[in-house]
Amino acid sequence: MSSVNGAVPTTIIVAGLALAAYALLMTALNRRMGIGLLAALGVLEILLLVLVGLIVAKLAGGGRPASLATLIGYLIAMPLVPVAAGFWGLLERSRWGSAVVAVAGLVAAVLMVRLHEIWPVIHV
Amino acid sequence: MSEPAASPEQAASPPDSTRTGPGRVLIAVYALFALSASARAAVQIATKFSHAPVAYLLSGLAAVIYILATVTFAVGSPAARRIAVLSCSVELVGVLAVGTWSLADRATFPDATVWSGYGSGYGFVPLVLPVLGLLWLRHWSKRARTQETVVTSAGDADEAARSKSALRAQVSFGRY
């Protein structure tokens, strides 16, 4: 059984953790969410969408995880994380908007580990 | 949201509810747990309920409590805050009780639930979250009491209250 290219999930983990570090630095410096964090969220969103595409292609090719329902839930929820964090973070005009973005970065990294547990062909 | 300026000055609205300030982060994390716990409980109960009924029902209970906490923190009215105190307390008792139970009686919990092992499968966030939630609620009940006596009128006073409350929240969060 061939596997989903591990480069994308690994990149998402690195990008998510880097985003979290950047956002926490902004929080510590008492900076509200700005264009920099918004752009970083956009990069994370693109990476997540690429991964969703890869996994959908894998499903279309006939591969099946142990729990298909869970995987589909992840495919729907995953790309919503940066979007929701972007909106919620922009609503807060203080340092805590940046902290919301940090949560999104950490969540993206954790989701990659979970994806591998749901379907081991998705390497990290 | 069209102009995300990076300067900390001129806040659009003062933090007048549990929804704002550090509350945004709390709600974001609670919403995440509400979503993942309810999705997980739904899948478990729908597909393999007889496998571990107790664990899956507790997953469902956790999901309901996370949803309740998310909504009440977001609403932030005095009544909502009272419900939030209740749900955070149930959550804390739940994670402690289920955590102990899952370690003592592993047969009942063949699959991990949100609260088994004190939330170890979720980086112990389920254990920390209700504590932070209760601290945040205590901060607001104190603030509500002082606001009954102090009349804040001008924007300056608002600004002062804002920075003071942010500092206080920071201090109380820093302790944990």
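This is a predicted model: local features need pLDDT of at least 70, side-chain atom pairs count only at pLDDT 80 or more; totals for chains, interfaces and linings use all residues.
Me: What makes α2(A) roughly antiparallel to α4(A)?
Reply: The axes of α2(A) and α4(A) cross at roughly 165° and come within 9 Å. Angles over 145 degrees count as roughly antiparallel, and α2(A) is therefore roughly antiparallel to α4(A). The crossing of these two helices is left-handed.

Me: Which residues form the contact of α2(A) with α4(A)?
Reply: From α2(A), Leu38(A), Leu41(A), Leu44(A), Glu45(A) and Leu48(A) take part, and they meet Pro82(A), Val83(A), Ala85(A), Gly86(A) and Leu90(A) of α4(A). By class, the residues of this contact comprise eight nonpolar, one polar and one charged.

Me: Why are α1(A) and α2(A) also described by their relative direction?
Reply: The packing angle of α1(A) and α2(A) is about 160°, and their axes lie 10 Å apart. The cut-off for roughly antiparallel is an angle over 145 degrees, so α1(A) and α2(A) are roughly antiparallel to each other. Their crossing is left-handed.

Me: Which residues of α1(A) and α2(A) meet, and how do they divide by class?
Reply: On the side of α1(A), the residues are Val8(A), Pro9(A), Thr11(A), Ile12(A), Ala15(A), Gly16(A), Leu19(A), Tyr22(A), Ala23(A) and Met26(A). On the side of α2(A), they are Gly36(A), Leu37(A), Ala40(A), Leu41(A), Leu44(A), Leu47(A), Leu48(A), Val50(A), Leu51(A) and Leu54(A). The residues of this contact divide into 17 nonpolar, three polar and no charged.

Me: How do you know that the reach of α2(A) is close to the expected one?
Reply: Helix α2 of chain A covers residues 35-60, which is 26 residues. From its first C-alpha to its last it reaches 37 Å, and 38 Å is expected at 1.5 Å a residue. The two values are close. Just after α2(A), Gly62(A) adopts a positive phi of about 105°.

Me: Which residues of α2(A) are buried, and against what do they pack?
Reply: The buried residues of α2(A) are Leu37(A), Leu41(A), Leu44(A), Glu45(A), Leu47(A), Leu48(A), Leu51(A), Val52(A), Ile55(A), Lys58(A) and Leu59(A). Their packing partners in chain A are α1 (7-28), α3 (68-77), α4 (80-91) and α5 (95-118).

Me: Why is Asn30(A) called partly exposed?
Reply: Its relative accessibility is 35%. Partly exposed covers the range between the buried limit of 20% and the exposed limit of 50%, so Asn30(A) counts as partly exposed. Asn30(A) belongs to the loop between α1 and α2 of chain A. Its phi is near 65°, a positive value in a residue other than glycine.

Me: What makes Phe124(B) partly exposed?
Reply: Phe124(B) has a relative accessible area of 41%. With limits of 20% and 50%, that value makes Phe124(B) partly exposed. Phe124(B) sits in the loop between α3 (78-104) and α4 (125-149) of chain B. Although Phe124(B) is not a glycine, its phi is positive, at about 60°.

Me: Why does Phe33(B) count as buried, whereas Leu127(B) counts as partly exposed?
Reply: Phe33(B) has 6% relative accessibility; buried means under 20%, so Phe33(B) counts as buried. Leu127(B) has 26% relative accessibility and therefore counts as partly exposed.

Me: Where is Phe33(B), and which residues does it contact?
Reply: Phe33(B) is in helix α1 (residues 22-48) of chain B. Setting aside neighbours within four places in sequence, Phe33(B) contacts Ser38(B), Tyr66(B), Val114(B), Tyr122(B), Val125(B), Pro126(B) and Leu129(B). Phe33(B) and Pro126(B) are 93 residues apart along the chain, and their C-alpha atoms are separated by 8.5 Å.

Me: Where is Leu127(B), and which residues does it touch?
Reply: Leu127(B) is in helix α4 of chain B. Not counting residues up to four places away in sequence, Leu127(B) touches Leu92(B), Val95(B), Leu96(B) and Tyr118(B). Leu127(B) and Ser87(B) are 40 residues apart in sequence, and C-alpha to C-alpha they are 14 Å apart in space.

Me: What pattern does chain B follow along the sequence?
Reply: The pattern of chain B is α-α-α-α-α, with five helices and zero strands. Of the 176 residues in chain B, 40% are buried.

Conventions:
Residues are numbered from 1 along each chain as its sequence is written. Chains are lettered from A and ligands numbered from 1 in the order in which they are written. Side-chain values use heavy atoms; hydrogens and water are left out. Helices (H or I, at least four residues) and strands (E, at least two) are DSSP runs, numbered from the N terminus. The expected span of a helix is 1.5 Å times one less than its number of residues. Buried means under 20% relative accessible area, exposed over 50%, partly exposed in between (1.4 Å probe, protein chains only). Contact means heavy atoms within 4.5 Å. Axes are lines fitted to C-alpha atoms, for helices over the stretch in contact, and angles run from 0 to 180 degrees between N-to-C directions. Angles under 35 degrees count as roughly parallel, over 145 as roughly antiparallel, 65 to 115 as roughly perpendicular and the rest as oblique. A crossing is left-handed if the near helix is turned anticlockwise from the far one by less than a right angle, and right-handed if clockwise. Ala, Val, Leu, Ile, Met, Phe, Trp, Tyr, Cys and Pro count as nonpolar, Asp, Glu, Lys and Arg as charged, and the others, Gly among them, as polar.
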